[in-house]
Each structure stands twice: as C-alpha cells, then as structure tokens.
Amino acid sequence: MALLITRVAPEWVDYNGHMNDAEYARVFSLSVEALMARIGLDEAGREKERYTLYTLETHLCYRREVHEGQALEVDVMLLDRDAKRLHVFFEMRDSQGNNLLATSEQMLMGMATAADGARPAPFPESVDRAISELPVAPLGAWPELAGRRIGLPPKR
C-alpha cells in the first residue's frame with residue numbers, strides 16, 4: 001500500500017552526494033504520519049479521538065544510495081498487531097525503477113492523550129477498523145528484511 005510519494009530535497013543531500021542517513025529516517029517518519037492519516041489519526045482525528053501513535057522502536061536498513069531529485073515511494077505492510085500496538089514494515093523504492101532503496105521496521109504504540117500526559121491505550125473503534133484494512137504480511141511470509149537483528153556474522 002503506497003503511503004508516501006516524494007522527491008529527495010537538495011537539503012537532504014550530504015557531502016557524499018547522496019541522501020544523508022538521517023534523511024532516510026525523515027522519509028520514514030513522514031510515512032508514519034501518512035499511515036496515521038490513512039487510519040484516521042490525522043490532525044483532526046487525533047483531536048477528535050484524543051489519541052495518537054508513538055514510535056517505540058525502529059530498525060532502518062539502507063539498501064541503495066539515493067540522489068537529489070530522485071522520486072521516492074514508500075509502501076507499508078502490517079506484520080503484526082494487538083489492541084494497542086502495530087508492528088509495521090515500510091519499503092522505500094525508486095518510483096521510476098522500483099528499486100528497493102531502504103526499509104524501516106517499526107513498533108508503534110497507540111497512546112490516549114490527555115491534559116496530564118499520554119498513556120498506552122487500545123485503538124479507538126474507528127482507528128481499529130481502518131487498521132484492519134491495511135495490507136498484512138501472511139504468517140511465515142514476512143519480507144526478507146523484516147525481523148532482522150543487528151550484529152556481526154558468527155566467527156568460523
């Protein structure tokens with residue numbers, strides 16, 4: 001499910017001539033905002049429901065260099081969920097060649113908002129229904145880059 005279409009802004013390019021690593025995170029953060037809008041948690045929805053999402057964990061994998069002006073498209077797939085958490089997997093692709101550029105696996109927590117702060121809470125009914133319409137990775141058929149851990153290969 002395509003969530004975000006954008007282009008690499010000149011200010012996102014670093015001294016190496018390609019998109020800075022922090023800017024990949026920016027694109028995925030914008031993708032979370034797009035996901036929130038898709039499930040009814042845009043600005044008006046957050047206000048109405050008194051509810052938002054927080055990012056608990058992110059695992060970002062860089063696959064290819066991205067250059068100034070390059071067209072990007074970010075897709076999302078739901079890996080797992082419960083009453084108040086979403087385990088999602090984003091893929092950033094080149095809009096023209098459909099090359100995989102980067103991935104971001106994230107754990108998002110639903111938070112009820114109040115004047116005295118935010119606390120974890122189950123998804124509001126309308127949000128829960130919208131989440132059920134997201135594409136879901138079949139059990140045992142996650143994308144190859146999902147569920148990875150960071151570390152050096154075992155020594156032989």
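Two residues are in contact when heavy atoms of one lie within 4.5 Å of heavy atoms of the other. The model on screen is predicted, and the stops below use its residue numbering, which starts from 1.

**Stop 1: helix α1**

Select residues 21–38, which form helix α1. The 18 residues should span 26 Å at 1.5 Å a residue, and the end C-alpha atoms are 26 Å apart, so the helix agrees with expectation.

A side-chain oxygen of Asn20 comes to within 2.8 Å of the backbone nitrogen of Ala22. Then go to the other end: just after α1, Gly40 has a positive phi of about 90 degrees.

Now colour the buried residues of α1: Glu23, Tyr24, Val27, Phe28, Ser31, Val32, Ala34, Leu35 and Met36. Several of these positions can be read against the helix repeat. An α-helix has 3.6 residues a turn, so residues three or four places apart point the same way.

What covers the buried residues of α1? Show β1 (2–7), α2 (43–49), β2 (51–62), β3, β4 and β5 (100–114), which are included in the cover.

**Stop 2: Val32**

Stay in helix α1 and select Val32. Val32 has a relative accessible area of 9%, and because buried means under 20%, it counts as buried. Leaving out residues up to four places away in sequence, Val32 touches Phe90, Gln106 and Leu108. For a distance across the fold, pick the C-alpha atoms of Val32 and Leu53: they are 8.9 Å apart in space, while the two residues are 21 apart in sequence.

**Stop 3: Phe28 and Phe90**

There are three aromatic pairs in the whole structure. One of them is formed by Phe28 and Phe90, a tilted pair with 6.2 Å between the centres and 45 degrees between the planes. Phe28 belongs to helix α1 and Phe90 to strand β4, so this pair ties together parts that lie 62 residues apart in sequence. Are the two residues buried or exposed? Both Phe28 and Phe90 are buried.

**Stop 4: strand β5**

Move to Gln106, in strand β5. Gln106 is buried, with a relative accessible area of 4%. The side chain of Gln106 makes a polar contact of 2.9 Å with the side chain of Ser104. Apart from residues up to four places away in sequence, Gln106 touches Phe28, Val32, Thr55, Glu57, Thr58, Leu86, His87, Val88 and Phe90.

Next select Thr103, also placed in strand β5. Thr103 counts as buried at 1% relative accessibility. With neighbours within four places in sequence set aside, the contacts of Thr103 are Phe28, His59, Leu60, Cys61, Phe89, Phe90, Glu91 and Leu145.

**Stop 5: the nonpolar cores**

The largest nonpolar core has 37 residues, of which Met19, Leu35, Ile39, Phe90 and Met92 touch the most other members. Two or more residues come from each of β1, α1, β2, β3, β4, β5 and α3 (125–131). Which element gives the most to this core? It is α1, with seven residues.

Select Met92 to see one part of these surroundings. Neighbours within four places in sequence aside, Met92 is in contact with residues including Met19, Tyr24, Val27, Phe28, Leu72, Val74, Leu100 and Ala102. A second, separate core has five residues, among them Leu79, Phe89, Ala137 and Ala146.

**Stop 6**

Select Lys84, in the loop between β3 (71–81) and β4 (85–94). Lys84 is partly exposed, with a relative accessible area of 32%. Beyond neighbours within four places in sequence, Lys84 is in contact with Tyr51, Leu108, Met109, Gly110, Pro120, Ala121, Pro122 and Phe123.

The last two selections concern the backbone. Most residues other than glycine have a negative phi. Arg50, in the loop between α2 and β2, has a positive phi near 50 degrees. Arg50 counts as partly exposed at 45% relative accessibility. Finish at Asn98, in the loop between β4 and β5, where phi is again positive, near 60 degrees.

Note on methods
This is a predicted model: local features need pLDDT of at least 70, side-chain atom pairs count only at pLDDT 80 or more; totals for chains, interfaces and linings use all residues. Side-chain values use heavy atoms; hydrogens and water are left out. Helices (H or I, at least four residues) and strands (E, at least two) are DSSP runs, numbered from the N terminus. Buried means under 20% relative accessible area, exposed over 50%, partly exposed in between (1.4 Å probe, protein chains only). The expected span of a helix is 1.5 Å times one less than its number of residues. A polar contact is a pair of N or O atoms within 3.5 Å; within protein, one must be able to donate a hydrogen and the other to accept it, and residues adjacent in sequence count only if both atoms are side-chain atoms. Rings of Phe, Tyr and Trp (its six-membered ring) pair if their centres lie within 6.5 Å; planes under 30 degrees apart count as stacked, over 60 as edge-to-face and the rest as tilted. A nonpolar core is a set of buried Ala, Val, Leu, Ile, Met, Phe, Trp, Tyr and Cys residues joined through side-chain atoms within 4.5 Å.
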